[in-house]
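Here is a short report for a reader new to this structure. Please keep the model in view while reading.

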Amino acid sequence: VFSKIFSHEALESYLPKIQLVIKDTLRAWSSNPEPINVYHETQKLTFRMAIRVLLGFRIPDEELSRLFEVYQQFVENVFSLPVDLPFSGYRRGIRARETLQKGLEKAIQEKLQNTQGKDYADALDILIESGKEHGKELTMQELKDGTLELIFAAYATTASASTSLIMQLLKHPRVLEKLREELRSKGILHNGCICEGSLHLDNISSLHYLDCVIKEVLRLFTPISGGYRTVLQTFELDGFQIPKGWSVMYSIRDTHDTAPVFKDVDVFDPDRFGQGRSEDKDGRFHYLPFGGGVRTCLGKHLAKLFLKALAIELASTSRFELATRTFPKITLVPVVHPVDGLKVKFFGLDSNQNEILTGTDAMLGATV
C-alpha cells in the first residue's frame, strides 16, 4: 500500500505542491533581515511539506506552527528510556504524541468531510483508497498511526540532507554555477527565472549533474548511520558465524568511507558520479544512502525529488551567504547536522538576478 504513495504517478502529482512550499519558504527566508538557522528552518520546511503535500491537510499557519513545536518534542523523546515517571523524556514524548494525534484526528475528519477543490490524490487519499481496495476500511486509529509514520519518515532525514545540500553549495560556488549552467542548457532557467511549465518529473530526471550533486551530498553526509536486519539463515562472515534470528546492524557511513570504488572519500566531488567515472556503478552495495536489498527505503524517490526541487530553486531564485566566519562542525546524532544549525543569510533576487533591496537599504539607494 505504501509503495503506491511513492509511485511515479504520485510523485508527478506532488511536484507542483512541493515547488510551491519551497518557493514560499525561500521567500520567507529572504525577507528575514536576520540570518536563519538552516537546520531548524529545514525541519519546518519538511514538516510543512509532509502536512500540506503528502497529507493534504488545510491547517492554518498558526495551528501548523503549534503542531510543529509539539512534533519536535515528540521526536526529541523518541529514543528516551522507557521509564514512565513525571518529567521524564518518555512521559513528555507520550504526551506530545497524544497531543499530535488529537490534532491529526481533527485534520483527518475535516479532510474526509471536505473533498471539494482537490486537484490531486495525496498520500493519505491513496492510503484510504488502498484500504478499501483490500476490503478493509481503515479505522481512525490506523489513519492517525499511518499519518504520523509518514510525517516521521519525511521529517528528520530530509531536513538533514537539505541542510547538507545548502552547506555544500556555500562551500563550493563552482558546483552552484555548474548547476545553473545545466538549468540554462535544459531551458529551465532563463534571465534569472524558472521558465513556466519547465519543471516536471521527466525533465528533472534529465538533469544529470543535479543528480550527481544530490548523490554526492547523500554519500558524504548520509543522514542516518545505518540500519537493522534480522538474520533469516545462519551464515559465516570473515570466519565468524552469525546465527539465525540475530539482529545485525549494517553501517551506511562506514561503507561509504571504506568502499574501494570511491576515490578521495573525504572530498566533495559530484563528478565522481558522472558518466566518465560512475564510481557508484562498480558493485551493488558500495553506495547505499537509502539502504539496500528488498527493504530499501520506500520514500527514497520522494526524498531525492524534494532535494532536487530545493536545489533548483536555490540555484535559480536565491542568493545566500554564510553568516559566520567559519563553517560549523558536524554532529552525527540523531541525524547528521551542523552543531549550531548553520547560520545563513538569504537575499531575494529580481528577474535579472540582482539583489532586491528592502527597508533602509532601499532608501539608501546609491549609498548601498
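## Aromatic pairs

Rings of Phe, Tyr and Trp (its six-membered ring) pair if their centres lie within 6.5 Å. Planes under 30 degrees apart count as stacked, over 60 as edge-to-face, and the rest as tilted. The model here is predicted: local features need pLDDT of at least 70, side-chain atom pairs count only at pLDDT 80 or more, and totals for chains, interfaces and linings use all residues. Residues are numbered from 1 along each chain as its sequence is written, and side-chain values use heavy atoms, with hydrogens and water left out.

Which residues form one aromatic cluster? They are Phe47, Phe68, Tyr71, Phe74, Phe152 and Tyr155. The count of aromatic pairs comes to 12. In one of them, the ring centres of Tyr71 and Phe74 are 5.7 Å apart, and the planes meet at 50°, so this pair is tilted. Both residues lie in helix H4 (residues 61–76), three residues apart, about one turn of the helix. Helices here are DSSP runs of H or I with at least four residues, numbered from the N terminus.

Tyr71 also pairs with Tyr155: the centres are 4.9 Å apart and the planes are at 85°, so the pair is edge-to-face. This pair links distant parts of the chain, with Tyr71 in helix H4 and Tyr155 in helix H7, 84 residues apart. Are these tyrosines buried or exposed? Buried means under 20% relative accessible area, exposed over 50%, and partly exposed in between (1.4 Å probe, protein chains only). Tyr71 has 0% relative accessibility, so Tyr71 counts as buried. Tyr155 has a relative accessible area of 2%, so Tyr155 is buried too. Phe74 is buried as well.

## The nonpolar core

A nonpolar core is a set of buried Ala, Val, Leu, Ile, Met, Phe, Trp, Tyr and Cys residues joined through side-chain atoms within 4.5 Å. The largest one has 99 residues. Tyr14 and Ile18 have the most contacts inside it. Helix H7 (residues 140–171) gives the largest share of this core, 14 residues.

What does Ile18 touch, leaving aside neighbours within four places in sequence? Contact means heavy atoms within 4.5 Å. Ile18 is in contact with Met49, Val53, Leu302, Leu305, Phe306 and Ala309.

Ser160 lies in helix H7. Its relative accessibility is 0%, so Ser160 counts as buried. Not counting residues up to four places away in sequence, Ser160 touches Tyr39, Pro223, Val335 and Val336.

## Charges over rings

A charge sits over a ring if NZ of Lys or CZ of Arg is within 6 Å of the ring centre and within 35 degrees of the ring normal. The charged end of Lys171 sits over the ring of Phe327, 5.2 Å from its centre. Arg219 lies over the face of Phe262, at 5.4 Å from the ring centre.

## Cysteines

A disulfide is a pair of cysteine sulfur atoms within 2.5 Å. How many does a search of the whole structure find? The search finds zero. Cys195 is in no disulfide, and the nearest cysteine sulfur, that of Cys193, is 8.1 Å away. Cys195 counts as partly exposed, at 26% relative accessibility. Cys212 is buried, with a relative accessible area of 7%.

UniProt lists Cys297 for "binding site" in an unreviewed entry. Its annotations may be inferred rather than shown by experiment. Cys297 is found in the loop between helix H11 (252–258) and helix H12 (300–317). Cys297 is partly exposed, with a relative accessible area of 37%.

Technical notes: Helices (H or I, at least four residues) and strands (E, at least two) are DSSP runs, numbered from the N terminus.
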